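Subject: Structure for you to look at

Hello,

Here is the structure I said I would pass on. Please open it alongside this email; my notes follow below.

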Amino acid sequence: MASKPPTADPAQDAPQVDAPQHAAAGLPAVAHSLKIAQQQMGVRRTALTLLRVNQKDGFDCPGCAWPEPDHRHKAEFCENGAKAVAEEATLRRVTPDFFAAHPVADLATRSGYWLGQQGRLTHPMYLADGAERYEPVSWERAFDIIAEELAALASPDEAVFYTSGRTSNEAAFLYQLFAREFGTNNLPDCSNMCHESSGSALTETIGIGKGSVLLEDLYKSDLIIVAGQNPGTNHPRMLSALEKAKENGAKIITINPLPEAGLERFKNPQTPQGMFKGAALTDLFLQIRLGGDQALFRLLNKLILAESDSASGAGSGAVDHAFIAEHTHGYEEFAAAARAADWDATLTATGLERAEIEEALALVLASERTVVCWAMGLTQHKHSVPTIREVVNFLLLRGNIGRPGAGVCPVRGHSNVQGDRTMGVFERPTPAFLDALEKEFGFAPPRKHGFDVVRAIEALRDGEAKVFFAMGGNFVAASPDTDVTEAAMRRAALTVHVSTKLNRSHAVTGARALILPTLGRTERDVQVGPNGKSTAQFVTVEDSMSMVHASRGRLAPASKHLLSEPAIVARLARRVLGEASRTPWEEFEKDYATVRDRIANVIPGFEDFNTRVTGSAGRPGGFTLPHGPRDERRFPTTTGKANFTAAPVEYPKLPEGRLLLQTLRSHDQYNTTIYGLDDRYRGIRNGRRVVLVSPHDARDLGLADGSYVDLVSEWTDRVERRAPGFRVVHYPTARGCAAAYYPETNVLIPLDATADTSNTPTSKSVVVRLEQSATD
């Protein structure tokens with residue numbers, strides 16, 4: 001039997017701290033996965049459900065976007081995947097009786113952990129203007145309320161349509177279609193807060209804002225560089241791929257301010273030897289100072305050029321001159337900038353020793369096939385876009401794009417965040433996409449660019465936007481500048497959240513609010529067609545390496561009152577757009593194959609979508625989208641070639657007595673979903689309000705281990721933010737750097753603190769001072 005949800009918020013103000021671990025997974029991961037799953041689902045449901053995760057005839061894990069191998073293990077999931085499935089397939093329920101017992105003011109005092117533990121939402125719920133509690137509402141009335149508010153807007157651009165990364169391709173396509181037929185490109189999504197910097201840099205340099213490698217490329221690589229990423233917590237199945245790459249002879253360089261247990265040693269729970277002994281993964285750990293990555297790659301590029309220029313390096317192949325001449329643009333300007341890189345400035349920016357960089361160079365020069373993987377540690381700085389451009393320079397210099405076993409590998413987070421963007425969920429759509437949409441559906445889509453996440457919050461704050469609709473996610477908890485974001489949301493006339501579970505965003509509402517409960521990935525989706533026949537539907541997702549595959553839930557829905565995301569969008573569109581719309585919304589709701597047929601007509605790479613994704617074309621695991629740079633060294637940029645760049649080197653500067661803070665996840669967390677209060681790899685238990693500080697920095701600042709401080713961010717001389725009551729933990733971080741969990745620290749990131757070009761919040765380089773807390 002599943003256990004009951006907690007009735008009271010557990011105390012989180014006195015975390016216990018042990019030494020950090022040096023290996024990930026193994027028996028503890030198996031035991032913890034089963035414990036969480038059985039608490040939420042019970043024993044029998046756990047077994048039936050977990051064995052369907054990531055199988056070719058099963059459902060896609062609602063967690064991360066790491067791809068599945070073609071030959072799959074019977075237990076093709078990780079610890080965090082098991083937690084994500086358990087939270088969705090839980091037997092706990094949030095009914096109208098729960099909302100009757102808990103006014104919104106009460107919900108607003110609860111932690112994200114407590115809210116998430118209450119279970120699955122079962123009914124559409126409505127908070128009327130001035131009301132204290134949500135009350136049940138019919139779907140018809142819910143759609144009427146949304147239509148009333150949208151009709152009252154002075155312009156379609158006063159509405160914001162947000163999307164999270166769990167939305168299927170079919171739902172995402174319909175969602176953007178509805179928004180654009182309504183008349184706006186206000187389609188912010190969670191990419192704006194994570195990999196927007198990757199997309200911006202890659203689109204400019206190689207012509208497509210996605211990674212260029214497949215899973216097989218990792219297995220063929222000579223060298224894999226993992227920069228600004230913690231696979232052991234955020235993408236645990238990636239560790240299996242790294243283990244296989246090591247078995248095939250690859251070397252691994254890890255670049256990160258924090259040592260991460262999974263990259264030290266991986267105890268693969270799917271093999272007897274792995275379970276107990278494990279495999280060492282990292283050959284060289286570069287404990288870099290936060291924000292120093294651009295300087296490191298620039299110096300490596302200088303040293304590669306010097307090797308090629310030297311007499312001993314002549315003809316050695318340090319630089320792939322043939323590739324550069326045929327396939328690239330801007331080499332001379334780049335090379336001049338790289339040759340000007342300074343050793344002393346780089347050592348200051350990175351905090352590394354000269355010998356460490358020289359050791360990295362030796363591994364680079366010995367590799368014919370190099371992959372660079374990265375995540376938020378590279379994408380959430382002011383200079384993130386130039387940093388990723390420099391990574392591309394590094395790969396282009398040795399011909400490592402469009403070569404098997406080599407390329408760029410931005411590791412996406414949420415399971416279909418890449419697919420949402422492919423489907424057109426983007427505030428700045430290309431003219432070609434809008435042209436295709438207009439040709440297919442016979443209406444003129446708006447051409448004016450819409451709001452991204454930061455701009456949407458500003459618009460709500462300033463009264464420029466009045467209706468906020470979220471397709472999944474936990475927008476309030478995920479966004480920066482928490483107090484400003486919450487105040488902005490409360491200025492809205494209507495906030496709407498399509499959700500599976502309760503979260504913080506449901507307690508921070510506009511004048512009116514709706515919660516619309518939807519099916520999860522694990523659940524059966526049966527639609528009744530025009531002929532009255534019930535037909536099981538499936539949806540599709542795109543993983544982090546551009547593989548598109550089907551997802552079929554098998555569990556009975558958590559409530560008979562749930563609608564699927566495609567059905568919610570289709571019914572809303574029919575109610576809002578009415579007979580003026582020529583789009584067959586009712587047909588789309590009843591048969592998702594008809595949606596896929598239209599996707600095939602609009603989006604390149606999806607031709608014959610239905611046949612290819614069902615396996616009748618010979619690939620039951622799905623199909624891979626085309627990628628010009630990877631497939632044929634064709635670069636669809638403005639120059640028609642891969643572009644070298646030569647941006648000035650930047651890195652954060654720290655005033656005396658300050659630290660550079662990065663926000664991060666605990667191991668019992670996925671994005672804003674908190675599964676538990678432990679971070680066992682880092683030795684933290686029963687609490688989340690901790691700040692990890694180097695013992696050397698702590699000594700200099702007079703901070704004893706176990707003391708309590710307030711974190712005060714300093715963005716400008718006049719702009720500060722405060723997060724009170726954090727326990728200091730002496731931890732082996734890079735000097736000058738600190739770390740703490742989000743969303744608790746999102747309050748420290750001002751809305752205006754964003755990356756150049758991508759406008760991504762700078763969550764990985766927050767200048768803070770640590771003040772003694774009143775709670776100490």
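The second largest cavity in this predicted model has a volume of about 200 Å³. It is lined by 17 residues, and those closest to its centre are Leu 519, Gly 520, Arg 521, Asp 525 and Val 539. Sorted by class, the lining of this cavity holds seven polar, six charged and four nonpolar residues. The count of cavities of 30 Å³ or more is five. As for the method, a probe the size of a water molecule is rolled over the atoms, and this shows where empty space is left.

Next, the strands. Strand 9 covers residues 251-255, and four of its five residues are buried. Strand 9 runs parallel to strand 8 (residues 223-227), and five bridges join the two. Strand 9 also pairs with strand 12 (residues 284-286), again in the parallel sense, over three bridges.

The last item is Asn 400. Where is Asn 400 found? It sits in the loop between helix 21 (384-397) and strand 15 (407-410). Asn 400 has a relative accessibility of 2%, and because buried means under 20%, it counts as buried. Its side chain makes a polar contact of 3.3 Å with the side chain of Arg 403. Leaving aside residues up to four places away in sequence, Asn 400 touches Glu 368, Arg 369, Thr 370, Leu 395, Ala 406 and Gly 407.

Regards

How values were computed. Residues are numbered from 1 along each chain as its sequence is written. This is a predicted model: local features need pLDDT of at least 70, side-chain atom pairs count only at pLDDT 80 or more; totals for chains, interfaces and linings use all residues. Side-chain values use heavy atoms; hydrogens and water are left out. On a 1 Å grid over the protein atoms alone, a cavity is a set of points where a 1.4 Å probe fits but cannot get out, and a pocket is an open set with protein on both sides within 12 Å along at least five of seven lines; lining residues have an atom within 4 Å of a point. Grid points are joined across faces, edges and corners, and a volume is the space filled by probe spheres set on the points. Ala, Val, Leu, Ile, Met, Phe, Trp, Tyr, Cys and Pro count as nonpolar, Asp, Glu, Lys and Arg as charged, and the others, Gly among them, as polar. Buried means under 20% relative accessible area, exposed over 50%, partly exposed in between (1.4 Å probe, protein chains only). A polar contact is a pair of N or O atoms within 3.5 Å; within protein, one must be able to donate a hydrogen and the other to accept it, and residues adjacent in sequence count only if both atoms are side-chain atoms. Contact means heavy atoms within 4.5 Å. Two strands pair if DSSP finds at least two bridges between them.
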